[in-house]
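Let's take a look at a structure together. Have the sequence and the 3D view ready, and follow along.

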Amino acid sequence: MGHASLERKAVTPQRIMAAADVLAFHEFEEATTLLAETPDAATTSQRDALTSREHVAVAVGSGYGAPEVEDEGDKTALLQEEKPQPRFWTFDYYQSFFDVDTSQVLDRIKGSLLPHPGYNFVRHHLRNRPDLYGPFWICATLAFVLAVTGNLTLVLAQRRDSSIHYSPQFHKVTVAGITIYCYAWLVPLALWGFLRWRQGTREHMELYTFLETVCVYGYSLSVFVPTVILWLIPVEWLQWLFGALALALSAAGLVFTLWPVVREDTRLVAAALLSIVVLLHALLALGCKLYFFQPLPLEHVIPAPQATPLSPSILPPTSARSMTTL
Amino acid sequence: MAEAEESSGELETATPRPLFAGLSDISISQDIPIEGEITIPMQGRARELDRSTLNESVRHTIMRDLKAVGKKFMHVLYPRRSNVLLRDWDLWGPLILCVTLALMLQKGSVDGEKDGGPQFAEVFVIVWFGAVTITLNSKLLGGNISFFQSLCVLGYCILPLTVAMLICRLVLLAGQGPINFMIRLFVVVVMFIWSVVASTAFLADSHPPNRKALAVYPVFLFYFVISWMILTFTP
């Protein structure tokens, strides 16, 4: 298809360049036709003799048609030679998931904080380069911030009402960590598995890889970090308002990202899947709010008689007072 | 060599021109100095010591290690751009600091299993697994620092926080109250900033500038958690 005609002419430099141009244009046509068929490929042109304008670097658009504008990072990645994929037991395999800069991480966090319809987090921000830095450290930050602010709430509550028994409650750090990490890694696994099972028979181009799903979930939890800090304000209705706002933003980001994938499926499955995703997210937010930020939990009063048997006389008044203030 | 000499000696008697007579005319040693010791300059001293450390007294051995640890403490307390911590890393200092911190964070009386402060094992795990996680993160981001060097730096930079813990315990002996709390808060904040600055001074050069913040943020989180454990300690 792309052969230059072999005629008997003198071989001059101009003819060679013209032949090269013809070959280049043919290759471009071939590349565009191939891309139209399989949009998830990215092409590179590895011929060093040609000038840079002939490098065909087209990023994948999710059916948007025109090639998207790239940033420097993507361009340099595509211009490199095709290296053999490192195996999963080598260090380089995992290093490829941490190939991000500070500006990229901040950009992804901003993208997850402000979702709007038609704004696909995976296509716009991840651009087929998911990272593990964001999900891991956002989960760690959220776990520690939850434990610290929960403890601070107890300190502030004790200031106002000195009958509350204060303790560092260090075990909550462990609980927070396990909960957040399990949510942010097991739920994407289940979601990815379910989507793969549903799309198994059809050759669908929109399927996200496991890492992209983990990224979406991890970055969507980033909106909870400032919310948890704002939960220090002891006004009850304000706390519920902030919680609802954060949940709405976070769940909206998830839904808008998952919508292009599930809309190809039946209505029932799509609606059920999206509602389960939102429900799990809401359960997480609610659980965190209730477990870490209960201002006057009764458990603080009940173990006291077992631990301090020396002061049973002060117990009934304190329990009565805490129940009234709750 | 002996054979050559022998053969040259025989040939000298047999022929007027010996076989290897021309060798002395080449005189390589005058053109290219090939004399000298084949040693690596930095390890010259260690090689000398290797021969004699078996015979020295136990006190001498222990004092040498303690002096090395003490020297690194000084480098942490007055952070300059030096690479003593990186070049001669050791993990004795971090172990001593971690055990001291974990012991000081123990309460005298058991207040109730679930509501107490961090147990010894929890502090140990947080410090060591936190340091390992930060080191792995740093290496995965492409930093050119070795695993144990990074562990060494992170462990030694807990020293200001251990000093803060000591001061907090002394201050708490005077009883609790708001002034007491403000003093403790001030001391812990100052020591936290000192720790972060000290570890950044050692670790910052190993990353390209567009990833420095990504590598420093986990260090900040690590020292923040340790500071929190120190601040919330109540006897």
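How many residue pairs are in polar contact between chain B and chain A? The count is nine, with both residues of each pair at pLDDT 80 or more. A polar contact here is a pair of N or O atoms within 3.5 Å; within protein, one must be able to donate a hydrogen and the other to accept it, and residues adjacent in sequence count only if both atoms are side-chain atoms.

Before going further, here is how to read all this. This is a predicted model, where local features need pLDDT of at least 70, side-chain atom pairs count only at pLDDT 80 or more, and totals for chains, interfaces and linings use all residues. Residues are numbered from 1 along each chain as its sequence is written, chains are lettered from A and ligands numbered from 1 in the order in which they are written, and side-chain values use heavy atoms, with hydrogens and water left out.

**Where the chains meet**

The rule finds two salt bridges across the interface of chain B and chain A; a salt bridge is a side-chain nitrogen of Lys or Arg within 4 Å of a carboxyl oxygen of Asp or Glu. Asp101(A) and Arg211(B) meet in a salt bridge, at 3.2 Å from N to O. On the side of chain B that touches chain A, helices H8 (120-140) and H12 (212-231) each supply at least two residues. H12(B) gives the largest share, 10 residues. Helices (H or I, at least four residues) and strands (E, at least two) are DSSP runs, numbered from the N terminus.

In total, 30 residues of chain B are in contact (heavy atoms within 4.5 Å) with 28 residues of chain A. The buried area comes to about 2700 Å², and carbon and sulfur atoms give 65% of it. That area is the accessible area (1.4 Å probe) that two parts lose on being put together, summed over both.

**Rings in chain B**

Over all chains, a search finds 20 aromatic pairs. Rings of Phe, Tyr and Trp (its six-membered ring) pair if their centres lie within 6.5 Å; planes under 30 degrees apart count as stacked, over 60 as edge-to-face and the rest as tilted. Here are two of the pairs:

| Pair | Centre to centre | Angle between planes | Kind |
|---|---|---|---|
| Trp89(B) and Phe148(B) | 5.1 Å | 10° | stacked |
| Phe147(B) and Phe148(B) | 5.2 Å | 85° | edge-to-face |

Why does the pair of Trp89(B) and Phe148(B) tie together parts that are 59 residues apart in sequence? Because Trp89(B) lies in the loop between helix H6 (84-87) and helix H7 (92-104), while Phe148(B) is in helix H9 (residues 147-156) of chain B.

Buried means under 20% relative accessible area, exposed over 50%, partly exposed in between (1.4 Å probe, protein chains only). H9(B) is mostly covered, though, with eight of its 10 residues buried, including Gln149(B) and Tyr156(B).

**A quick look at chain A**

Chain A has 13 helices and zero strands, and 39% of its 326 residues count as buried.
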